[in-house]
Amino acid sequence: MTPPSPPNHLDPSELGDKTFWDETYTSDLTHNASKPTHIGQTWFSDSNASALTLKYLLSLSPPLDSASTSFLDLGTGNGEFLFLLREGGFTGSMLGVDYSPASVELASRIAGQKGLSVEGEAGVRFNEWDIVSGNWADSGEGEFDVVLDKGTFDAVSLSADTDGEGRRVCEGYRAKVLPMVKVGGRFLVTSCNWTEEELKGWFEWSALEGGGKGEDGGGKFKWEGRVEYPRFKFGGVEGQSVSGVCFKRVS
């Protein structure tokens with residue numbers, strides 16, 4: 001069966017602008033310096049997204065190995081989800097990346113305040129990295145068992161920036177993520193802008209269905225499951241305000 005084509009684009013907004021996030025995390029750093037309990041905004045906190053995502057990860061069968069499973073958090077922000085994973089018993093390699101240097105500084109500072117190391121495989125590390133413009137092969141980080149995206153694809157989808165081919169940068173996001181995920185590993189994306197079916201369209205779809213290799217190396221994601229959020233009915237239609245979808249890299 002042919003996967004669905006990518007959905008139509010979202011209208012750009014300031015949430016897709018790097019300047020907005022640099023200013024946000026710089027402000028959070030200032031507030032945290034005087035009040036360490038201030039850790040900044042946690043996306044989807046009103047939907048309890050982090051706890052529900054952790055619950056989903058703990059429900060996988062066979063279970064993830066808590067000592068060896070490696071995690072990469074894309075657009076890590078304040079690092080909150082990686083800290084939750086540590087508290088949830090996962091002790092393997094963890095890396096959070098963000099294109100805002102202020103985010104990396106904030107997350108590293110909060111890790112220190114929590115008594116967590118930010119160095120070595122045993123630490124929760126944070127690096128500056130632009131997912132859209134960077135080539136992951138140059139990062140020296142390799143592939144991870146679980147790659148997390150909690151609102152980052154949303155922000156990229158709201159960017160007006162285009163790539164060298166004139167495409168909106170969100171069109172190349174799937175190809176950027178694939179090399180980060182081990183074959184057999186998972187990519188778990190949380191979104192308030194895209195439905196589950198639309199996310200399938202973005203990440204299961206491949207321009208290479210006819211064969212050959214391109215920027216994604218011919219790799220594929222396949223839907224594996226969803227994070228369950230409270231559902232509502234309106235006008236006879238059932239839905240939810242947040243979508244959490246898990247894709248498995250199958251090739």
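1. A crossing of two helices is called left-handed if the near helix is turned anticlockwise from the far one by less than a right angle, and right-handed if it is turned clockwise. The model under discussion is a predicted one, and by this convention α2 passes α3 in a right-handed crossing.

2. Helix α2, which covers residues 49-59, packs against helix α3, residues 80-87, at an angle of about 45°, and the two axes lie 10 Å apart. That angle makes α2 oblique to α3, since only angles under 35 degrees would count as roughly parallel.

3. On the α2 side the residues in contact are Ser50, Ala51, Thr53, Leu54 and Leu57, and these meet Glu80, Phe81, Leu84 and Leu85 of α3. Sorted by class, the residues of this contact of α2 with α3 comprise 6 nonpolar, 2 polar and 1 charged.

4. What is the arrangement of α1 and α4 relative to each other? The axes of α1 and helix α4 (residues 101-113) come within 8 Å and cross at roughly 30°, and the two helices are therefore roughly parallel to each other. Here the crossing in which α1 passes α4 is left-handed, whereas that of α2 past α3 is right-handed.

5. The contact between these helices draws on Lys18, Asp22, Tyr25, Thr26, Asp28, Leu29, Asn32 and Ala33 in α1, which meet Pro101, Ala102, Ser103, Glu105, Leu106, Arg109, Ile110 and Gln113 in α4. By class, the contact of α1 with α4 has 7 nonpolar, 4 polar and 5 charged residues.

6. The largest pocket holds about 520 Å³ of space. It is lined by 29 residues, of which Gly75, Asp98, Tyr99, Thr152 and Ala155 are the closest to its centre. The elements that give two or more residues to the lining of this pocket are α1 (18-34), α3 and α5 (152-157). In terms of class, the lining of the largest pocket divides into 11 nonpolar, 11 polar and 7 charged residues.

7. One point of backbone geometry deserves a look in the viewer: a cis peptide bond joins Ser61 and Pro62, with omega about 0°. Pro62 has its place in the loop between α2 and β1 (71-74).

Technical notes: Residues numbered from 1 in each chain as written. Predicted model: local features only at pLDDT ≥ 70, side-chain atom pairs only at ≥ 80, totals over all residues. Heavy atoms only, no water. Axes fitted to C-alpha atoms, helices over the stretch in contact; angles between N-to-C directions. Helix = DSSP H or I, 4+ residues; strand = E, 2+ residues; numbered from the N terminus. Parallel < 35°, antiparallel > 145°, perpendicular 65-115°, else oblique. Contact = heavy atoms within 4.5 Å. Nonpolar A, V, L, I, M, F, W, Y, C, P; charged D, E, K, R; others polar. 1 Å grid on protein atoms, 1.4 Å probe; cavity = no way out; pocket = protein on both sides within 12 Å on 5 of 7 lines; lining within 4 Å. Points joined across faces, edges and corners; volume = space filled by probe spheres on them.
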